[in-house]
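Please open the model in a viewer and keep the sequence panel beside it.

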Amino acid sequence: MKTTVLISGICGFVGATLARELARRGCSVSGFDNFIRPGSETNRAALKALGIKIVHADLRAASDIDALPAAEWVIDAAANPSVLAGIDGQTSARQLVEHNLSGTINILEYCKRHRAGFVLLSTSRVYKIGPLAGLPVVVRADAFRPDDTQALPSGLTAAGVGESFSTTAPVSLYGATKLASEVLALEYGETFGFPVYINRCGVLAGAGQFGRPDQGIFAYWINSHLRRWPLRYIGFDGQGHQVRDCLHPRDLVPLLEKQFAAPAMPAEDRILNVSGGAASAMSLRQLTGWCDRRFGPRPVVSDPKPRPFDIPWIVLDSSKADRLWSWRPAIPAQDILDEIAEHAQRHPGWLELSAPP
């Protein structure tokens, strides 16, 4: 019998990618979206052509969620994913909380009513900012690396940030909404008897990602380089040495399938880092070098002025997911970059569509 899966934010990049892959693997997939994000309409027709039912609904409206048909599992892929949300002048703190926390509560009430399992796609930004912002780093091969000659924060190694790393405040308003959602999800699951999994993702990236610097830096950088939009190395030494890892959302699906079929597990085993890890990590300067080789060289402006909540190096250590679930990312960073570049070349107006200046 097919597993029935409901995806929130199904017409976003992550939601649409998961929907296509789960449907390809035999799941019965449906989802909802409020279509407020630039670019989200582009995914609706393609998903419907695959037989995926899409409902216009706003997760902030309890009545919208109450009207959705029953499913066995819900994947929460709807959120305001920017660490600058609530302070950037484009969204208010109240809007952020309504999207990322109140919306999660509405979905948890749905899961309670239908005894549906719940998977929250969380974030690396639940980890405490102070130790990450002050991480001792050195520059090697045009990228920051943790300075292993100095004491590193507990829970962080050269392999990345582990699940034991501190999540105490401050973690940013965005991180706080996701962390609160994690806690509530686990409590709802324990209290009302439905399975819950928390997958903390690094930077998700791939073709069709909306090109926004605060949400999809790899897609934004590649598209902008190709189109010769202005690019800046912001903060730290102004040289683009800050590092992130990347993961294609398709790589989440084998883990999701295992979670759908798993027996009950202790709460501490249901919180996982899920990322590309050190093998996929690169700096903006290294990404620029990749773009220069592919599209031709171009200058990048240095702007050392710091931004709120920025950190020099964050790579998630997914060894726990490997140990418990035999999960490792299968799509290498090179393939992700190639996929984004090919999409950018096929869609010359993508930046204007998904991230208007």
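A residue is called buried when its relative accessible area is under 20%, exposed when that area is over 50%, and partly exposed in between, with a 1.4 Å probe and protein chains only. The model is predicted: local features need pLDDT of at least 70, side-chain atom pairs count only at pLDDT 80 or more, and totals for chains, interfaces and linings use all residues. Residues are numbered from 1 along each chain as its sequence is written, and side-chain values use heavy atoms, with hydrogens and water left out.

**Stop 1**

Most residues other than glycine have a negative phi, and most peptide bonds are trans.

Select Phe-236. This residue is not a glycine, yet its phi is positive, at about 55°. Phe-236 lies in the loop between strand S12 (232-234) and strand S13 (243-244). Helices (H or I, at least four residues) and strands (E, at least two) are DSSP runs, numbered from the N terminus. Is Phe-236 buried, exposed or partly exposed? With a relative accessible area of 32%, Phe-236 is partly exposed.

Next, select Ala-141, in the loop between strand S6 (137-140) and strand S7 (143-146). Ala-141 is not a glycine either, and has a positive phi of about 55°. Its relative accessible area is 62%, so Ala-141 is exposed.

Then select Ala-169 and Pro-170. The peptide bond from Ala-169 to Pro-170 is cis, and its omega is near 0°. Pro-170 is placed in the loop between strand S9 (160-161) and helix H6 (173-192).

**Stop 2: two buried glycines**

Return to the loop between S12 and S13 and select Gly-238. Gly-238 has a relative accessible area of 1% and is therefore buried. Which residues does Gly-238 contact, leaving aside its neighbours within four places in sequence? They are Tyr-233, Ser-302, Asp-303 and Pro-304, where contact means heavy atoms within 4.5 Å.

Now select Gly-103, in helix H4 (residues 93-114). Gly-103 counts as buried, because its relative accessibility is 0%. Apart from neighbours within four places in sequence, Gly-103 is in contact with Leu-59 and Glu-98. Gly-103 and Phe-35 are 68 residues apart in sequence and 15 Å apart in space, C-alpha to C-alpha.

**Stop 3: helix H1 against helix H8**

Two packed helices are described by the angle between their axes and the distance between the axes. Select helix H1 (residues 13-24) and helix H8 (residues 253-261), which pack at an angle of about 65° with their axes 10 Å apart. Axes are lines fitted to C-alpha atoms, for helices over the stretch in contact, and angles run from 0 to 180 degrees between N-to-C directions. The contact is made by Leu-18, Glu-21 and Leu-22 of H1 and by Val-253, Leu-256 and Phe-260 of H8.

Keep Glu-21 of helix H1 selected. At 9% relative accessibility, Glu-21 counts as buried. Not counting residues up to four places away in sequence, Glu-21 touches Arg-250 and Val-253. The C-alpha atoms of Glu-21 and Pro-249 are separated by 9.3 Å, although these residues are 228 residues apart along the chain.

**Stop 4: helix H9 against helix H11**

Select helix H9 (residues 284-295) and helix H11 (residues 333-346). These helices pack at an angle of about 50°, with their axes 12 Å apart. H9 and H11 are therefore oblique to each other; angles under 35 degrees count as roughly parallel, over 145 as roughly antiparallel, 65 to 115 as roughly perpendicular and the rest as oblique. On the H9 side, the contact is made by Leu-287, Trp-290, Arg-294 and Phe-295, and the H11 residues in it include Leu-337 and Ala-341.

**Stop 5: the cysteines**

How many disulfides does a search of the whole structure find? The search finds zero, a disulfide being a pair of cysteine sulfur atoms within 2.5 Å. Select Cys-111, whose nearest cysteine sulfur, that of Cys-27, is 16 Å away. Cys-111 counts as buried, at 0% relative accessibility. Finally, select Cys-291: the nearest cysteine sulfur is that of Cys-246, 12 Å away. Cys-291 also counts as buried, at 0% relative accessibility.
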